[in-house]
Amino acid sequence: MKRKSIKLLSLLLLLTMILTACGQANDNNKDVVEPKDTEIVEQEVVEEVEKLDFEGRQMNVVTTSEKYVELFDAFAQEVNAKVDFLSMSSGEVISRIEAEGGKPMADLWFGGGIDAFMAAKDSGLLESYVPKEADKVPSQYRDSEGFWISKGLTVVGFLVNEGLLNEKGLEAPTTWAELADPKYKDEIIMANPAISGTNYGAVKGILDMYGEEAGWAFLEKLNANIPFYGKRGKDPEEKTVAGEFAIGIIPADKSSFDAATKNNLTVVYPEDGIPWVPEGVAIFKGGEGEDIAKAFIDFMLRDDNQEKLAELDGKDGAQMIKEGVGGYDLGLPVDKLIDQDISTFGSMRQEILSRWEKLTEGK
Amino acid sequence: MKKKVLDSLDKILMLAIILSVLIFILYPFVSVFITSLMENGSIDLSYFSFVKEESYLIKNSITTGIYTTILSTLFSIMIAVYSYTSSNKVKKIIMAILMLTIISPPFVTSLSYIKLFGRRGLVTYGLLGLSISPYGQLGIVLMQSLGFTSMNAILLIGYLNQLDKTLIESARSLGAKTTDIIKDIILPLMGPSITVVMLLSFIRSLADFSTPRIIGGAFNVLATEAYLSVIAKGNIRRAATISVILFIPAILVFVLYMTKFKSVAMSQHGTNSGEGISLKRQGFLYNIMKIGATFFLVWILIQYTSIIMSAFTDMYQGKMYFTLDHFRDSKISVMTTFPRTILVSLVAGIVSSVIGLILEYYAFIRNYKIAKIIDFIATMPYIVPGTFFGIGYILAFNKAPLELTGTLLIVILNVTFRQLPFASKVGYSTLTQINRDTINSVKDLGGHNLHVIKDIILPLSKNGLFISFVNGFTSTMTTIGSIIFLIYPKQKLATMVMFDVIESGKYGVGSVIAFLIILICLMVNGLYFFLISRKRRNKDVSYGIQPN
């Protein structure tokens with residue numbers, strides 16, 4: 001009897017492994033649809049770049065999501081290095097470095113709201129490096145002294161569950177102004193901007209769009225409609241998909257459009273203004289793999305890898321920062337992007353967050 | 001000459017164990033206290049002002065703790081009594097279901113709870129047509145109760161099994177009704193163990209940060225706030241202060257537990273014949289117990305079925321379909337992290353068991369006073385939230401002479417010493433079963449104390465060592481709180497990856513990882529049952545109490 005159950009267990013585990021392996025085999029067919037023209041570009045660029053070889057050394061990365069694994073693997077293979085990564089929100093990265101007495105957590109910091117990068121630069125945590133193709137990135141998307149560079153923009157939109165709204169006889173909102181209407185009370189979910197770079201971008205965008213005082217007045221009205229703030233960056237999307245809330249404030253990218261199609265939802269770009277936030281990339285000061293991290297930033301800025309990044313991030317072409325790099329067409333109306341002041345993204349962070357916390361106390 | 005060498009080895013061994021407990025348990029604790037109380041070398045209590053300003057956090061934590069304690073204790077009593085009065089077959093099924101919740105990683109159940117009981121939940125909306133918000137205190141209390149009840153029930157069952165059955169049997173043969181036997185004999189006899197279970201539930205509820213984080217909604221508790229202080233506010237001092245506040249009720253309850261009820265918790269390891277009693281399965285009270293227990297067990301099963309379902313299915317436009325995509329997507333993370341996770345768990349399980357046993361040897365066989373104090377310190381990781389222990393490690397080991405942050409070693413040390421409370425308790429109860437005369441006779445024949453350890457203590461404690469190894473292994477495999485702040489990119493463990501992918505919204509992939517963690521723990525536990533049951537068919541196995 002006992003022996004049987006052990007056998008059964010081993011069998012189960014074995015089965016799982018086989019399943020995993022089979023799953024892998026199925027996957028091969030999917031890769032065929034890659035666009036052809038990127039390959040040509042790739043060949044040209046590779047010829048220009050001299051071959052780097054890091055002899056199996058290690059680069060450690062903190063990043064916002066494990067979805068970049070493909071890009072890291074490609075880099076690891078090209079330069080013969082090992083890449084390990086850990087996903088972490090940008091606020092958490094800063095907190096932990098502070099807690100550990102300024103010791104860098106990794107060599108490369110990939111992704112996360114630019115405000116955290118600005119703060120890290122001010123705390124002297126970053127290493128300056130001007131990558132090879134920096135001149136092809138508009139100056140507003142990179143630090144003048146080379147401490148950070150942007151890898152793309154996150155734009156903020158609404159994920160709307162119309163089924164839920166219809167039950168209450170409501171229409172999908174198309175503007176921020178509408179969102180603050182009391183009729184949407186308790187139907188909206190947003191994440192804590194201290195945790196979510198996207199939602200910090202939303203708050204900052206609203207303040208830039210309305211102006212300081214009117215902006216806070218608006219946030220107060222919006223706050224009345226929000227029962228609580230998610231404690232995880234992914235909360236708004238997840239909870240809207242799960243049907244817990246009718247409207248989620250989310251980063252509008254391919255994955256949210258996919259999630260929308262999958263679950264009969266819609267993604268809305270707010271018509272009165274789309275907040276956005278650049279995502280940073282930076283090298284930590286004093287890491288052992290500093291040179292590998294520098295090579296990675298060069299690698300990342302190459303056209304072929306930018307295309308790859310656009311694909312992994314699921315970004316509209318207008319969200320990419322290097323000139324001439326395409327992406328998905330997600331119908332992002334570029335003219336609706338709010339005229340935001342990037343320079344104050346980092347410097348105003350503390351002030352904005354503490355005022356926000358007072359405003360939303362207990363949620 | 002040889003004796004001298006052995007003597008000094010003996011001293012070195014004891015010193016090493018004492019020092020390791022002081023450095024890896026006491027020092028991190030002290031660091032947390034110092035951080036919360038001091039600013040630039042002088043005492044500064046300004047951070048404690050939140051006790052007044054945000055007193056609702058304390059109220060929330062305490063009320064949640066009380067509700068969870070009541071609910072999980074009630075359920076566990078019902079399960080224990082029902083199991084006690086059931087046939088051996090039913091007993092085994094109940095034990096298997098209870099085990100399931102103990103060997104699985106935390107917070108997956110909270111996610112499946114939303115899926116099942118949320119506004120569009122499969123049960124609430126799909127079956128019952130209700131559209132209710134699952135968030136808030138009720139959600140936390142339900143989920144915590146679900147998690148704690150199993151542990152409580154296993155403790156109570158272990159306790160019931162060793163009760164003297166003659167009283168019950170004679171009452172029965174005198175014609176007493178089942179309801180009366182339960183009410184007048186079984187329940188009163190369970191009294192002390194129920195108190196223990198209540199105290200433990202309360203401490204664990206205070207320490208739990210992940211359940212409120214996922215389903216608390218606007219309802220915040222101290223443990224979550226401590227976690228958020230690190231993650232969102234970058235304020236480790238505030239986190240340390242909140243941890244200190246959480247420590248106060250925990251230590252009070254703990255001291256009470258140590259002084260009044262130590263014997264109850266001790267006695268549940270190892271000794272017993274699993275034979276049940278032959279009560280008539282009828283009567284009002286029996287049926288209430290049966291209904292309560294069945295309800296709870298079915299609830300656990302539904303939740304776990306839902307996790308396994310999510311590993312194998314996905315949704316498209318409201319329709320569910322079978323898929324192996326999640327297995328494919330998890331392949332890379334599984335391949336890279338599982339070997340490391342298993343290794344770390346093995347080390348933690350083995351090292352903590354051995355240290356625990358030898359520490360108890362010095363404390364209770366050799367009767368060194370200092371070892372007894374060390375034994376008390378060694379139990380402290382048990383009562384604090386995992387995050388407390390993690391924050392302590394960051395603060396203690398981020399500078400010379402012990403600069404360990406960023407290494408795999410700090411992770412291993414953390415999980416190992418976190419298991420020490422359990423290991424030393426098992427060590428203690430194992431040692432009490434070793435006959436003193438055996439030890440004395442070795443010494444009379446000229447054997448050295450080290451020979452006693454090598455030839456008597458270790459071999460005779462095999463079973464206890466194995467229990468504490470299995471527990472250490474299982475809880476390290478499923479732990480997250482204490483290591484979440486310590487992990488670096490090259491040291492990711494399985495629960496971290498699961499946390500990660502769930503954070504990025506890949507619930508299916510997260511379920512696959514949870515499923516695999518459960519499988520591995522199941523295999524190790526199964527191995528234990530297999531080895532032990534071959535040797536001692538009738539002995540009952542009791543599992544330990546595991547904080548988050």
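This is a predicted model: local features need pLDDT of at least 70, side-chain atom pairs count only at pLDDT 80 or more; totals for chains, interfaces and linings use all residues.
1. H1(B) and H18(B) (residues 386-396) pack at an angle of about 85°, with their axes 8 Å apart. H1(B) and H18(B) are therefore roughly perpendicular to each other, a label that covers angles from 65 to 115 degrees, while under 35 is roughly parallel, over 145 roughly antiparallel and the rest oblique. Axes here are lines fitted to C-alpha atoms, for helices over the stretch in contact, and angles run from 0 to 180 degrees between N-to-C directions. Helices (H or I, at least four residues) and strands (E, at least two) are DSSP runs, numbered from the N terminus.

2. Which residues meet there? On the H1(B) side, look for B:Phe24, B:Tyr27 and B:Phe33, among others, and on the H18(B) side for residues including B:Phe388, B:Ile391 and B:Tyr393. Contact means heavy atoms within 4.5 Å. By class, this contact has 13 nonpolar, three polar and no charged residues. Ala, Val, Leu, Ile, Met, Phe, Trp, Tyr, Cys and Pro count as nonpolar, Asp, Glu, Lys and Arg as charged, and the others, Gly among them, as polar.

3. Now follow H1(B) (residues 2-37) to another partner, H21(B) (residues 449-460): these two pack at about 65°, with axes 8 Å apart. That angle makes H1(B) roughly perpendicular to H21(B). B:Leu6, B:Leu9, B:Asp10 and B:Leu13 of H1(B) touch B:Asn449, B:Leu450, B:His451 and B:Ile453 of H21(B). Five of the residues in this contact are nonpolar, two polar and one charged.

4. Next, the two chains together: 60 residues of chain A are in contact with 64 residues of chain B. About 5700 Å² is buried between chain A and chain B, with 56% from carbon and sulfur atoms; buried area is the accessible area (1.4 Å probe) that two parts lose on being put together, summed over both. No salt bridges are counted between chain A and chain B.

5. Where are salt bridges found, then? One of them joins A:Glu78 to A:Arg302, with the closest N and O atoms 2.9 Å apart. This pair links distant parts of the chain, 224 residues apart. A salt bridge is a side-chain nitrogen of Lys or Arg within 4 Å of a carboxyl oxygen of Asp or Glu. Over all chains, the structure holds 27 salt bridges.

6. A word on conventions. Residues are numbered from 1 along each chain as its sequence is written, and chains are lettered from A in the order in which they are written. Local features need pLDDT of at least 70, side-chain atom pairs count only at pLDDT 80 or more, and totals for chains, interfaces and linings use all residues, while side-chain values use heavy atoms, leaving out hydrogens and water.
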